[in-house]
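Q: I would like to learn how to read the features of a protein model, one after another. Could we begin with how a pair of helices is described?

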Amino acid sequence: KDFDQSDKIRGELKAIGVEVLDKEKIWRSNSGLAGCVIGFRGAAGPTDLEINTLVMQREKSRQSSDFAMADKIRDELRQVGVEILDKEKVWRAKDGRS
């Protein structure tokens, strides 16, 4: 882990108006754009911790009526092979994890 490099990148992003919220696995820009931070394991896909964190963030977004963010989280998880089953209150990854 290269914390100095991470801090440098975070500073560069902040200088252009992008805030990274590590614990929430979310980024937001001054222009209103936002997204998910996924991919610690690269091609191996998201970790269970990443998925669970994003699922919790999605639920918080839904509860606060931020449906655009909730949809973005769902869509970005879907892109990496994770489906959220709201009625069952579970998620399933294409590799069989849930």
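This is a predicted model: local features need pLDDT of at least 70, side-chain atom pairs count only at pLDDT 80 or more; totals for chains, interfaces and linings use all residues.

Q: At what angle do the axes of helix H2 and H3 cross, and within what distance do they come?
A: The axes of helix H2, which covers residues 48-63, and of H3 come within 7 Å, and they cross at roughly 155°. Because angles over 145 degrees count as roughly antiparallel, H2 is roughly antiparallel to H3. The crossing of these two helices, H2 and H3, is left-handed.

Q: Which residues in H2 and H3 meet?
A: On the side of H2 they are Ile51, Leu54, Val55, Gln57, Arg58, Ser61 and Arg62, and these meet Phe67, Met69, Ala70, Ile73, Arg74 and Leu77 in H3. Sorted by class, the contact of H2 with H3 has eight nonpolar, two polar and three charged residues.

Q: How many salt bridges does the structure hold, and what does one of them look like?
A: In this case the structure holds 10 salt bridges.

Q: In what order do the three strands of the open sheet come, and is their pairing parallel or antiparallel?
A: The order in this open sheet of three strands is E1-E2-E3, and the pairing is antiparallel. Strand E1 (18-21) and strand E3 (34-36) are the edge strands, for each of them pairs on one side only. From one strand to the next, the twist averages 15°.

Q: How many bridges join E1 and E2?
A: E1 and E2 pair over four bridges in the antiparallel sense, and Val20 stands opposite Trp27 in E2. These two strands, E1 and E2, form a hairpin with four residues between them, and Lys25 in the turn has a positive phi of about 60°.

Q: Which residue in E3 is the bridge partner of Trp27?
A: The partner is Gly35. Strand E2 (residues 26-29) pairs with E3 over three bridges, again in the antiparallel sense. Helix H3 (residues 67-79) packs on the sheet, where it touches E2 and E3, and the direction of H3 makes about 35° with that of E3.

Terms used. Residues are numbered from 1 along each chain as its sequence is written. Side-chain values use heavy atoms; hydrogens and water are left out. Two strands pair if DSSP finds at least two bridges between them. Axes are lines fitted to C-alpha atoms, for helices over the stretch in contact, and angles run from 0 to 180 degrees between N-to-C directions. Contact means heavy atoms within 4.5 Å. Angles under 35 degrees count as roughly parallel, over 145 as roughly antiparallel, 65 to 115 as roughly perpendicular and the rest as oblique. A crossing is left-handed if the near helix is turned anticlockwise from the far one by less than a right angle, and right-handed if clockwise. Ala, Val, Leu, Ile, Met, Phe, Trp, Tyr, Cys and Pro count as nonpolar, Asp, Glu, Lys and Arg as charged, and the others, Gly among them, as polar. A salt bridge is a side-chain nitrogen of Lys or Arg within 4 Å of a carboxyl oxygen of Asp or Glu.
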